[in-house]
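Reader: I have this one open on my screen and would like to go through a few spots. Can you start with the terms?

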Amino acid sequence: MNLVHLFLGALLLVTGFLAVRLKNAVHAALALAANFILMGVVYMLLEARFLGWIQIIVYAGAIMVLFVFVIMLLYAKEAEPGVDPLPGLRPAAAGIAALGFLALLYAFSGFKAPITEEAAQAALSGGSAEVMGPVLWQTWLYAVLLVAALLLVATVAAVAILRPGEGGKR
Amino acid sequence: MNVFYLMVSAALFALGAYGVLARRSAILVFMSVELMLNAANLALIVFAKAWGSLFAQGAAVLLIALAAAEVAVGLALVVAIYRTRETTLVDDLSELKG
C-alpha cells in the first residue's frame, strides 16, 4: 500500500464523480474516458498487463469515442435540459447509492487473500499476453468464439436498427 | 492493497448507480451503466490477483468484449429512439406506462 495506489484510487473516484455529475455531456464523456484510462493503469499494477492495454484500447479508445460521436450526433450537449419533473430524485438517488456502497463495503470488509502476494505474482507472471494466450485460445477457445459471434451479431444488429427507410422517420 | 481497490470498486459502482438513477439523458444513463460495469471488472481483477488465477483475467477479457457488443446495440437503440421521438430524455419516453 503506497502513495501511487492512493493517488490512483483518488483520481478514479474524482473522474467517476465528474462523469456522473458534470452538466455538459461531452465533458462527462471525457471524464469517463479518463476514468477508463486510469482503470487500465490500475489493471497493469494489479498484474494484468494485457488486460490493461485491452481496457485502454477497447474502452478508452473505441467505446468512449463511440459515446462522444453519438452525443455530438444527437446534439445532446446539455445533460440536464429543462425543468426537473422529479425534484426529490437526486437526494433519493444519492441515498440509494450510499446504501449500496455500504452494503458492498460490508461484503468486502473481511476480505483476505487466500494465497500470499508472492505466490499470486508467480502464478500470474504479470498477466502478459504470453500467459493470457493459452488461457484464451486453448482453455476458453469456444467462449472466445462465442463472444466473437456475439460481437458480429451485435454489429449487424446496430446497422440493422439504424437502416434508413424501415422504422426510421415516422 | 487488495481491500483498498475493492473499496474503490465499491465506490465507483455506487457512483454509477447514482448516475443511473439521477441522470435524465438516455446516453448519460448508459455511460453510468458502463461505469458500474467497469467497477465490477476492477473487482474481478482484484480477485484474480488475490487467487493468482489467470482464468479470472480471461473472464475479464470476455467481459470487455461483451461490453463492446452491448454499447454497439445500446447506442444504436438511442439513435433510433432519437430519430422517431426527437428526444433522448428518459422522462419523455413514457409510452409504455400502464
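Author: Buried means under 20% relative accessible area, exposed over 50%, and partly exposed in between (1.4 Å probe, protein chains only). This is a predicted model, where local features need pLDDT of at least 70, side-chain atom pairs count only at pLDDT 80 or more, and totals for chains, interfaces and linings use all residues. Residues are numbered from 1 along each chain as its sequence is written, chains are lettered from A and ligands numbered from 1 in the order in which they are written, and side-chain values use heavy atoms, with hydrogens and water left out.

Reader: Fine. Is Glu47(A) buried or exposed?

Author: Glu47(A) counts as buried because its relative accessibility is 12%. Its phi is near 65°, a positive value in a residue other than glycine. Most residues other than glycine have a negative phi.

Reader: Where is Glu47(A) found?

Author: In the loop between helix 2 (25–45) and helix 3 of chain A. Helices are DSSP runs (H or I, at least four residues), numbered from the N terminus.

Reader: Switching to charges. How many salt bridges does a search of the whole structure find?

Author: One over all chains. A salt bridge is a side-chain nitrogen of Lys or Arg within 4 Å of a carboxyl oxygen of Asp or Glu. The side chains are those of Lys49(B) and Glu117(A), at 2.6 Å, N to O. Lys49(B) lies in helix 2 of chain B and Glu117(A) in helix 5 of chain A, so the pair joins two chains.

Reader: And which of those counts as buried?

Author: Lys49(B), at 3% relative accessibility. Glu117(A), at 38%, counts as partly exposed.

Reader: Which side chain does Glu34(B) have a polar contact with?

Author: Tyr59(A), at 3.4 Å. A polar contact is a pair of N or O atoms within 3.5 Å; within protein, one must be able to donate a hydrogen and the other to accept it, and residues adjacent in sequence count only if both atoms are side-chain atoms.

Reader: Last one: where is the place of Glu34(B)?

Author: In helix 2 of chain B, residues 26–51.
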